[in-house]
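Here is a brief report for a first look at this structure. Keep the sequence and the 3D view at hand while reading.

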Amino acid sequence: EEKNNIEQKELSLQKTNVKLSAALREVNDRRMAFKTFMDSVNEERLHFSSANDELDLVKRKIDAAQQEKTHYEGVMTTKVLPDIKTAEAEYADLQQRRQEYFKKASIICSESDMEALSHVAGSTPEQLSAKINRLKQRFDQESRRYAESIDDLRALHDKKERKILRKQQLYAGFRVKLNSCQKALDLRWKKFQRNAGLLKRQLTWLFNEHLGKKGISGFINVDYKSKVLSVELTMPQDASRDTVRDTRGLSGGERSFSTLCFTLALHGMTEAPFRAMDEFDVFMDAVSRKISLDTLVDFAVAHGSQWVFITPHDISMVKPGDRVKKQQMAAPRG
C-alpha cells in the first residue's frame with residue numbers, strides 16, 4: 001500500500017509538473033502579448049503626440065491667416081475703397097463731359113467724317129494744317145481742270161461704277177460659259193483621241209481582213225502628230241517572214257492588191273451613197289485580179305451603196321445579178 005501511495009503521489013506530481021509547465025508557457029505568452037500591447041500603445045502615443053503637434057501648428061497658421069485677413073480688410077476699408085470710389089466718381093464726371101464735348105464737336109464735324117480721317121490719327125496740329133493746305137491746293141487744281149461741280153462728278157462716278165459693275169457681271173457670265181465650253185472641248189478632245197486610236201486599230205483589222213484572202217498580213221501605223229501613214233506587209237512566200245516596210249520592194253501586182261485592200265479598209269470606215277474606182281487592177285496577175293474583183297463586188301453588195309468600177313481588163317469572170325450590172329465599151333477602131 002505504501003508503494004501504491006508513492007506511485008500515485010509521483011503520478012500526481014508529474015501531472016502537477018505538466019500543468020505547471022503549461023501554466024509557465026501561458027504566463028510567458030501573456031507576458032509577450034502584454035509587451036507587444038505596450039509597444040503598440042507607446043507607438044500610438046507617439047503618433048498621437050505628433051498629430052497634436054501638427055494640430056497646434058495648423059491652429060497657429062489659422063490664427064496668423066485670420067490676423068492677416070483682418071489687417072487687409074482694414075487696409076481695404078481705410079485706403080483702397082475710398083480711392084476706388086473717388087476714381088469711379090471721376091470716371092462718371094469725365095464720361096459726362098465727354099458726351100457734352102461729343103455733342104458740341106458733332107455740330108462742327110460729324111462722326112462719319114472723323115472716321116474717314118482715321119488715317120491721320122496721331123498727327124500734330126501743324127501736320128494736319130499742312131495736309132489741309134495741300135488738299136485745298138489739289139482741290140483748286142482739280143476744280144480748274146473740271147468745270148463740273150462736285151455733285152456732277154459724284155453722279156458721273158456713280159454712273160461709271162454701275163457701268164463697271166455691269167461689265168464685271170457680264171464678264172463673270174462669259175467666264176462661266178467659257179469654262180463650260182472649255183470643259184466640253186476637253187471632253188470632246190479626249191473622245192477624239194480615243195476614237196482616233198480605235199479607228200487606227202479598226203483600219204489595221206480591216207486591212208488585214210482583205211489581205212488575208214491572199215495569205216498576206218500587214219499593219220498600218222498612223223502617226224497623227226507627224227501626219228505620216230506607213231504600211232508594213234508580210235508576204236506568204238517569204239520564208240524568212242521579214243516585214244516589208246517599203247512598198248517599192250513589192251511587185252506591181254502586190255502593190256496594186258495591197259493598195260486595193262487599203263482602199264477597201266478606208267471605204268469600210270466611211271459612208272457615201274456613191275463610190276467609184278478607176279483602174280484598180282493594174283499590174284495584177286489573173287489570180288490577183290479575180291480575187292480583187294470578187295472582193296470588190298462582194299464588198300459593194302454587202303454595203304449597199306452604189307459603186308462604179310472602171311477597168312481596161314476583162315471582166316467576164318464577174319457574174320451579173322440583180323445589183324450587179326456590166327457595161328462594156330466597144331473597142332476603138334484602128
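Predicted model: local features only at pLDDT ≥ 70, side-chain atom pairs only at ≥ 80, totals over all residues.

Start with Arg162, which lies in helix H4, residues 150–211. Arg162 has a relative accessibility of 48% and so counts as partly exposed.

Arg162 belongs to a surface patch of positive charge. Lys159, Lys160, Lys163, Arg166 and Lys167 gather there with Arg162.

Is His210 buried or exposed? Its relative accessibility is 6%, so His210 counts as buried.

Which residues does His210 touch, leaving aside neighbours within four places in sequence? The contacts are Phe257, Cys261, Leu264, Ala265, Thr295 and Phe299.

Turn now to helix H1, which spans residues 2–108. Leu81 is found in this helix. Leu81 has a relative accessible area of 35%, so it is partly exposed.

## A loop residue with positive phi

Lys227 sits in the loop between strand E1 (217–223) and strand E2 (228–234). With a relative accessible area of 77%, Lys227 is exposed.

Most residues other than glycine have a negative phi.

Note on methods:
Residues numbered from 1 in each chain as written. Heavy atoms only, no water. Patch = residues over 30% accessible without salt bridge, like charges linked within 9 Å, V, L, I, M, F, W, Y side chains within 5 Å. Areas by Shrake-Rupley, 256 points an atom, 1.4 Å probe, with all protein chains shown as cover. Salt bridge = Lys/Arg side-chain N within 4 Å of Asp/Glu carboxyl O. Lys, Arg positive; Asp, Glu negative; His and termini not counted. Charge placed at Lys NZ, Arg CZ, Asp CG, Glu CD. Helix = DSSP H or I, 4+ residues; strand = E, 2+ residues; numbered from the N terminus. Buried < 20%, exposed > 50% of the residue type's maximum accessible area, 1.4 Å probe, protein only. Contact = heavy atoms within 4.5 Å.
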